[in-house]
Amino acid sequence: MVWTSEGDVWRLRLRLDAGEELTGTVTDAHRVELSTDTCHVRLPAGSPSGPQAVHPDLLALAAWTVAAPWTRRRVVFDRPISAELAAAFESGWGIDAGPVGEGERPAGARLAISYSGGADSAAVAAMLPDAPLVHFRRVSHPRVPNRWTHYRSDVLAALAEQTGRDVTPVESDLEFLLRHPRPGYPEHHAVMIGVILLAGARDFGGVALGYEIGSRWLGGGRYVHRYTPDNPMWSGHGPWGRLFAAAGLPLVLPVGGISEAMTMRYALGSELRDQVRWCLRGDNAGPCGRCGKCLYKELIQAAVERRPMRTTITADRPVARKWQQPPPYGGQEMIEYGCAHVPGIEDTPFARAAQYLQATPGSTAWLERCYPPAVEEIPVPWRDTIASIMAREFGFMDAGDVKRVESWGGR
Ligand SMILES: [Zn+2]
């Protein structure tokens with residue numbers, strides 16, 4: 001893998017070994033197909049440039065967030081990495097990474113936030129008012145046509161800017177490396193590519209993300225309905241957690257112990273309220289109100305606000321189809337919470353799901369408190385700060401709640 005830089009632009013070229021195929025597998029087991037072999041990352045003006053400007057472990061980590069799905073047995077970087085990073089490749093993936101010969105990257109002191117502008121990352125930003133935000137913005141690829149023009153990354157970038165915080169925008173076309181299923185991050189971790197490349201210059205010693213209890217502990221996202229203490233993407237002791245730590249940039253999940261309903265309640269109660277945007281399609285006037293994400297998040301918001309849903313989407317629409325089927329569902333804990341708390345759920349696209357789930361305020365009360373092991377997983381420099389916010393805003397789960405988490409998806 002070769003990095004070159006010119007001014008503020010860093011370019012990455014991948015070359016597959018014999019035996020490696022265009023079809024790859026993401027850490028979450030999703031299948032992806034490679035469309036092209038180069039991508040670029042544009043850092044803000046005045047950022048580090050040139051071969052000596054970024055520690056080789058950071059360059060290797062950044063490249064790995066892009067190349068991991070297609071790499072089978074070995075990876076060769078264009079400059080030596082540390083023995084510590086090579087050991088993390090070996091223990092995490094069984095990958096022979098090298099050459100080895102650089103010293104370890106000294107850990108930085110500051111916590112950066114990988115900020116998307118959705119409710120989860122806005123909650124993290126509101127909890128850590130002094131932490132700088134780094135916002136990943138998709139731009140088009142010179143050789144791959146963009147058939148996804150409805151994705152308004154320009155709107156999301158403008159909203160991030162409007163927070164008034166220390167925001168660093170980073171532009172990249174790396175999502176267009178995926179031909180199948182659609183443009184997107186090769187690994188979920190690629191969203192942090194800008195944080196990684198800037199870590200040395202900005203003294204970053206950790207990167208905070210908005211992954212909440214569903215994504216971290218309940219098998220959320222593409223996983224469904226399973227307790228996941230060893231989540232390979234986000235656990236501190238998983239392959240990614242150890243690789244980031246080896247590069248002096250441990251992953252930090254400040255809201256890993258609370259549910260999406262709680263991150264939404266916190267974000268919408270914060271000074272970032274007007275900049276929160278989970279819809280990727282809406283324009284400057286607001287969210288689109290028609291996509292699947294808008295429907296799902298409206299259920300959660302209505303539940304948080306204990307009011308009927310405001311939506312024109314009906315059960316026969318394609319975006320509502322999955323809620324007419326029996327569970328399990330992705331994000332099922334939030335469907336249960338929504339069905340338990342939204343008045344008139346029987347008149348919404350979630351009526352069938354509510355019948356299947358039979359959730360009540362009592363059966364979903366655990367989703368309003370914090371799961372203690374999530375705080376224990378936060379690296380020491382930031383743990384006490386997060387622990388006191390969790391105690392003050394949500395309270396911690398008792399033994400019965402903890403059992404709910406740890407038996408999630410069981411029979
Ligand atoms: Zn929408």
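**Exercise 1. Find which residues Ile196 touches, leaving out those up to four places away in sequence.**

Step 1. Take contact as C-beta atoms, placed from the backbone, lying within 7 Å. With that cut-off, and not counting residues up to four places away in sequence, Ile196 touches Leu58, Leu61, Ala62 and Leu249.

Step 2. Keep in mind what you are working with: this is a predicted model, where local features need pLDDT of at least 70, side-chain atom pairs count only at pLDDT 80 or more, and totals for chains, interfaces and linings use all residues. Residues are numbered from 1 along each chain as its sequence is written.

Step 3. Now place Ile196 in the largest nonpolar core, which has 131 residues. Such a core is a set of buried Ala, Val, Leu, Ile, Met, Phe, Trp, Tyr and Cys residues joined through C-beta atoms within 7 Å. Buried means 20 or more other C-beta atoms within 10 Å of a residue's own, exposed means 12 or fewer, and partly exposed is in between. Ile196 is among the residues that touch the most other members, along with Ala63, Ile113, Leu197, Val207 and Ala208.

Step 4. Helix α1 (residues 56-67) gives the most to this core, with 9 residues. Helices are DSSP runs of H or I with at least four residues, strands are runs of E with at least two, and both are numbered from the N terminus.

**Exercise 2. Describe how domain 1 meets domain 2.**

Step 1. Start with the bounds, which come from an automatic or database domain assignment: domain 1 covers 2-252 and domain 2 covers 263-357.

Step 2. Their C-alpha centres lie 29 Å apart, and 24 residues of domain 1 are in contact with 22 residues of domain 2.

Step 3. On the domain 1 side, α3 (119-127) and α4 (153-161) are the elements giving two or more residues. The largest share, 6 residues, comes from α3.

Notes. Two residues are in contact if their C-beta atoms, placed from the backbone, lie within 7 Å.
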